[in-house]
Amino acid sequence: EKYQSIFFKLESSGHGCDISMSAEESSGLFKIVAEAIDNCIRHSQACSIKAEVKLIDRYLIQFSISDNGAGFDLDTVAETKRHSGLKRICEYANQINAHVAFHSNVGRGTQVVVAKPIEKQRARFYTRLVALF
């Protein structure tokens, strides 16, 4: 009831290639997305959360989770012990060789961007992405 508008958008950059990820990579990406969404719900007081997936240059998959909530000062949060969700996201990214960036402004929301290099394989791109959600 508190969150009336939660939007999920699956977006591809238009490349028609087939990719596959290992179970560990898929699980790691799922954990990152789930943790980021959980952080939005628990802390942001947002009324809109958007998750996007993009295939960039055929060999890089990018997840972006953003909200229109309260946001926070990254420097202030880093100095406190109230950032375990952000630490978990970084740990999951490290485990699967992904890169993560946090963008947040007080009063303007937060965005978590995760980029993971991928290899061209035989499995269908969209089938794998849908499995993550």
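A contact here means heavy atoms within 4.5 Å. Among contacts in this chain between residues at least 6 apart in sequence, 72% join residues at least 24 apart.

## What you're looking at

This is a predicted model, where local features need pLDDT of at least 70 and side-chain atom pairs count only at pLDDT 80 or more, while totals for chains, interfaces and linings use all residues. Residues are numbered from 1 along each chain as its sequence is written, and side-chain values use heavy atoms, with hydrogens and water left out.

## The overall layout

The chain has four helices and seven strands. Helices here are DSSP runs of H or I with at least four residues, strands are runs of E with at least two, and both are numbered from the N terminus. Walk along the sequence and you get β-β-α-β-β-α-α-β-β-β-α.

Of the chain's 133 residues, 39% count as buried. For that label a residue needs under 20% relative accessible area; exposed is over 50%, and partly exposed is in between (1.4 Å probe, protein chains only). The chain exposes about 8100 Å², and carbon and sulfur atoms supply 48% of that. These areas come from the Shrake-Rupley method with a 1.4 Å probe, and for residues only the protein chains shown count as cover.

## The nonpolar core

In soluble globular proteins, nonpolar side chains tend to be buried together. In this model, the largest nonpolar core has 26 residues, and I32, F63, I65 and V114 have the most contacts inside it. A nonpolar core is a set of buried Ala, Val, Leu, Ile, Met, Phe, Trp, Tyr and Cys residues joined through side-chain atoms within 4.5 Å.

Which elements give two or more residues to this core? They are α1, β3, β4, α3 and β6. The largest share, six residues, comes from α1.

A search of the whole structure turns up three salt bridges, each being a side-chain nitrogen of Lys or Arg within 4 Å of a carboxyl oxygen of Asp or Glu. One of them pairs E25 with K116, with the closest N and O atoms 2.9 Å apart. E25 sits in helix α1 (residues 23–44) and K116 in strand β6 (residues 109–117), so this pair ties together parts that are 91 residues apart in sequence. K116 counts as buried, at 4% relative accessibility.

Another salt bridge joins the side chains of E35 and R88, at 3.1 Å from N to O. This pair also links distant parts of the chain: E35 is in helix α1 and R88 in helix α3 (residues 84–95), 53 residues apart. E35 is buried at 10% relative accessibility, whereas R88 is partly exposed at 29%. The remaining pair is R42 with D38, whose closest N and O atoms are 3.6 Å apart. R42 and D38 are four residues apart in helix α1, so about one helical turn separates them. R42 is exposed at 55% relative accessibility, and D38 is partly exposed with a relative accessible area of 30%.

S64 lies in strand β4 (residues 60–67). Is S64 buried or exposed? At 5% relative accessibility, S64 counts as buried.

The S64 side chain makes a polar contact with the side chain of Q111, at 2.8 Å. A polar contact is a pair of N or O atoms within 3.5 Å; within protein, one must be able to donate a hydrogen and the other to accept it, and residues adjacent in sequence count only if both atoms are side-chain atoms. Leaving out residues up to four places away in sequence, S64 touches K50, A51, E52, Q111, V112 and V113.

## Loop residues to look at

Q45 has a phi of about 60 degrees and is found in the loop between α1 and β3 (48–56). Q45 counts as exposed, at 62% relative accessibility. Phi of N97 is also positive, near 60 degrees, and N97 is in the loop between α3 and β5 (99–105). N97 is exposed too, with a relative accessible area of 51%.

S22 lies in the loop between β2 (19–20) and α1, and at 36% relative accessibility it counts as partly exposed. S22 and I118 are 96 residues apart in sequence, and their C-alpha atoms are 9.9 Å apart in space.
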